[in-house]
Amino acid sequence: MIESQVDQLIFEELMRERFPKLVNHLDYLGVQVPWISGSWFLSIFVNVIPWESVLRVWDVLLFEGNRVMLFRTALALMELYGPALVTTKDAGDAITLLQSLVGSTFDSSQLVFTACMGYPAVTEARLKELRDKHLPSVLVVIEERSMKGRALKDSKGIATKLYSFKHDRGSLVEESKTTEESVAVADASVQLASCSSNLNEMLSSLNVDSELEALPDPQDQVVWLKVELCSLLEEKRSAILRAEELETALMEMVKEDNRLELNARIEQLEQELAELQQALADKKEQEVAMLQVLVRLEQDQKITEDARRRAEQGLAAQKLEVHELQEKYDKAMQSIAEMQKRVVMAESMLEATLQYESGQSKALSSPRAGRVQSPRSENPSRKISLLRFGLGWRDKNKGKPNAETEEAGESLHSNGSPKKESDTQETDR
């Protein structure tokens, strides 16, 4: 599954480019991106997201004819549910939460829109470039795994043989004897061939054989070597186990140190959080005090505004009253002016009347006055009263006493008949 491994490496690199914070959190939890996206790519999101969304993704995938939509859809899912993954505290919780969230992606339109419009940089050329970049590393890893598998298989065969030799040496001795006999037969045939060719070589080989016979038994040496090899392998295995135990202990110590550091960091963060909460409480108190001050200022401003409005209304009412008083004053002045005109006219008329009355009195005092009777002598009392009123009005306006007017009225009343005669004479004239 080389292509699948390459796709996972490509997707992981795209994830690190677009969502570095999310990938760092997953690395901190020990979650690898291929654990999540491997099944997505192999099943083309079947049984991962709802069927309606699967059909929408397949529609775009078959229409474009490449694997770009797979990467875009996976990135869109990470974008939609990445903020929820950042809040998880455990690898199992992260994978379970992502599976449950992805399985509830019923809004296919939003998913397809986010995948197609949100990642225009993910193209076939970009994927080909990343594939060419990661394919050699995947091939190298696969080759190393295959070589390690072969070595492990051979080591297992040797260990099995040594184990069987340690517990059942007879079978291995018989096996070694048969191998030695076959080797001896082969050597004899070689020696016979060499004897037929050269006798000196055969003699030399006989000398070598005599020397070999003088040496210790090779079978015993083989057995001893095998026993030594078994002991060495056991020591190696015990050393490996000890190394694993030491590594485990070291990891525990590192975890403990990390826990201590984390606890110290947590305490520091809790202290900072307490300080921030205290500062926040102080800020809230200040805000409450400021709000109270603002409320008071608003109330004072409202009261001032009401007073100003009432003052403006009072000023407007006063202006209206002043205007009305000014209009009344103007009307009064006009009426006073008219009355003054009337007074002037009345005074002129009274003066004319007085002059006329004086002329009549003079005429009546003459001897000819008794002869002629005036036709206007019907209502002398009425004329005298009007004359008295006019003279009283004139004297009142001029601030003079009314004695003379009364005297003139009495004289006119006493001389009513001469007045009639003078009127008759005036009429005749």
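Me: A salt bridge is a side-chain nitrogen of Lys or Arg within 4 Å of a carboxyl oxygen of Asp or Glu. How many does a search of the whole structure find?

Reply: This is a predicted model, where local features need pLDDT of at least 70, side-chain atom pairs count only at pLDDT 80 or more, and totals for chains, interfaces and linings use all residues. Residues are numbered from 1 along each chain as its sequence is written, and side-chain values use heavy atoms, leaving out hydrogens and water. Searching the whole structure for salt bridges gives 13.

Me: How many residues apart in sequence are the parts that Glu3 and Arg131 tie together?

Reply: The side chains of Glu3 and Arg131 form a salt bridge, 3.7 Å from N to O. Glu3 is in helix 1 (residues 2-18) and Arg131 in helix 8 (residues 124-167); helices are DSSP runs of H or I, at least four residues, numbered from the N terminus. The pair therefore links parts whose separation in sequence, in residues, is 128.

Me: Is Arg131 buried or exposed?

Reply: Buried means under 20% relative accessible area, exposed over 50%, and partly exposed in between (1.4 Å probe, protein chains only). Arg131 has a relative accessible area of 13%, so Arg131 is buried.

Me: How far apart are the closest N and O atoms of Arg308 and Glu305?

Reply: Both residues lie in helix 11, three residues apart, which is about one turn of the helix. Salt bridges that share partners join Glu305, Asp306, Arg308, Arg309 and Glu312 into one network. Between Arg308 and Glu305, the closest N and O atoms are separated by 2.0 Å.

How values were computed
Helix = DSSP H or I, 4+ residues; strand = E, 2+ residues; numbered from the N terminus.
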